[in-house]
Amino acid sequence: MALTLLMVVAVLGNVASMSLYAAPTVTFKRVIRKKSTEEFSCIPYIIALMNSLLYTWYGLPVVSNKWENFPLVTVNGVGVLFELSYVLIYFWYSSPKGKVKVAIPAAAVLTVVGVIAIVSTFAISDHRHRKLLVGSVSLGVSIALYASPLVVMKKVIETKSVEFMPLPLSLSSLLVSLLWMTYGLLIRDIFVAGPNVVGTPLGILQLVLHCKYGKRREKEEPNKQNVHEEKVDMEMGHHKDGNVPSN
């Protein structure tokens with residue numbers, strides 16, 4: 001029964017995570033269409049790439065005991081493909097200065113991950129200490145990833161608008177955090193559960209902000225629509241009584 005529950009949570013976690021990985025494709029379609037990165041920052045995607053690389057390595061038999069963390073390999077392996085694609089697209093359409101800003105942190109990330117992989121493979125002989133090293137670094141990187149939602153939430157509070165925090169994305173983030181926190185607790189792995197213990201309350205906070213400022217936006221939309229319609233009427237030269245105004 002416990003094994004079945006674990007597999008169900010792992011499969012649901014994989015599906016939810018993959019949909020979350022795919023979410024930025026809309027942004028990068030825009031980058032490709034406009035052939036410009038505009039004001040987007042690549043740093044969150046580089047950090048996400050590092051996170052996916054580390055957790056893929058963490059789940060492989062070199063670090064974990066056999067295939068005990070196989071679900072981590074599948075979901076983060078897909079994450080590596082998505083995040084690497086985003087970074088490469090960003091690099092391709094960046095200005096010369098922008099390319100440097102992408103290349104330096106990306107090279108640093110790959111170097112750090114490479115060093116951790118080499119040390120954990122050749123300098124540490126047992127799985128327990130390998131997991132401790134790779135898991136600790138992965139945990140720190142995962143928590144750093146939550147700096148991005150915090151910045152967005154701060155903007156929501158300042159502007160009193162959820163325009164830059166889409167509800168589907170907030171719901172998906174919460175679902176992913178809940179599923180992987182559950183999975184981590186079931187296998188009693190702090191390095192899997194830990195980041196999502198942080199992510200779950202942040203996801204709930206995002207929904208609270210949607211409840212608070214989402215209704216405000218709904219009230220403002222009809223007013224904006226009315227103003228727009230009146231402006232169109234005036235441009236067409238019509239009053240409410242149907243008369244054409246004289247010049």
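Before the annotation comes up, one definition: UniProt positions are given here in the numbering used for this model, feature names are shortened, and annotations may be inferred rather than shown by experiment. The model itself is predicted.

With that in place, the annotation. The unreviewed UniProt entry marks "transmembrane region" at residues 6-28, 40-58, 70-93, 102-125, 131-152, 164-184 and 190-209. I looked at two of these spans in the model. Residues 6-28 are 91% helix and 0% strand, with 34 Å between the end C-alpha atoms. For residues 40-58 the figures are 84% helix, 0% strand and 30 Å between the end C-alpha atoms.

Now the chain as a whole. Of its 247 residues, 37% count as buried. Take the contacts between residues at least 6 apart in sequence: 73% of them join residues at least 24 apart.

Next, some individual helices. H5 has 28 residues, and its first and last C-alpha atoms are 39 Å apart, close to the 40 Å expected at 1.5 Å a residue. Its buried residues are Gly98, Val102, Ala106, Val109, Val113, Ile116, Ala117 and Ser120. In an α-helix there are 3.6 residues a turn, so residues three or four places apart point the same way. What lies over the buried residues of H5? The cover includes H3, H4 and H6.

H8 has 20 residues and reaches 29 Å from first C-alpha to last, close to the expected 28 Å at 1.5 Å a residue. Buried residues in H8 include Ser170, Leu174, Trp180 and Tyr183. After H8 comes Arg188, with a positive phi near 55 degrees.

On to the packing. The largest nonpolar core holds 36 residues, and the members that touch the most others are Ile46, Tyr58, Trp180 and Tyr183. Which helices supply at least two residues each to this core? They are H1 (2-22), H2 (25-34), H3, H4 (70-93), H5 (96-123), H6 (127-145), H8 (167-186) and H9 (190-236). H3 gives the largest share, 7 residues. Apart from residues up to four places away in sequence, Ile46 touches Val87, Val102, Pro105, Ala106 and Val109. There is also a second, separate core of 8 residues, with Tyr146, Met153, Met165 and Tyr213 among them.

Phe28 sits in helix H2. Is Phe28 buried or exposed? With a relative accessible area of 3%, against a cut-off of under 20%, Phe28 is buried. Beyond its neighbours within four places in sequence, Phe28 is in contact with Tyr45, Tyr86, Ile89 and Tyr90. Phe28 and Val87 are 59 residues apart in sequence, and their C-alpha atoms are 9.8 Å apart.

Ser36 belongs to the loop between H2 and H3. Its relative accessible area is 27%, so Ser36 is partly exposed. Ser36 and Ser94 are 58 residues apart along the chain, with 6.5 Å between their C-alpha atoms. Outside the four places on either side in sequence, Ser36 is in contact with Val31 and Tyr93.

Thr56 is in helix H3, residues 43-59. At 16% relative accessible area, Thr56 is buried. A polar atom of the Thr56 side chain lies 3.4 Å from the backbone nitrogen of Gly77. Leaving out neighbours within four places in sequence, the contacts of Thr56 are Val73, Asn76, Gly77 and Val80.

Last, the cysteines. How many disulfides does a search of the whole structure find? The search finds 0. Cys42 has 5% relative accessibility, so Cys42 counts as buried. Cys211, with a relative accessible area of 55%, is over the 50% cut-off and therefore exposed.

Definitions and conventions:
Residues are numbered from 1 along each chain as its sequence is written. This is a predicted model: local features need pLDDT of at least 70, side-chain atom pairs count only at pLDDT 80 or more; totals for chains, interfaces and linings use all residues. Side-chain values use heavy atoms; hydrogens and water are left out. Helices (H or I, at least four residues) and strands (E, at least two) are DSSP runs, numbered from the N terminus. Buried means under 20% relative accessible area, exposed over 50%, partly exposed in between (1.4 Å probe, protein chains only). A polar contact is a pair of N or O atoms within 3.5 Å; within protein, one must be able to donate a hydrogen and the other to accept it, and residues adjacent in sequence count only if both atoms are side-chain atoms. Contact means heavy atoms within 4.5 Å. A nonpolar core is a set of buried Ala, Val, Leu, Ile, Met, Phe, Trp, Tyr and Cys residues joined through side-chain atoms within 4.5 Å. A disulfide is a pair of cysteine sulfur atoms within 2.5 Å. The expected span of a helix is 1.5 Å times one less than its number of residues.
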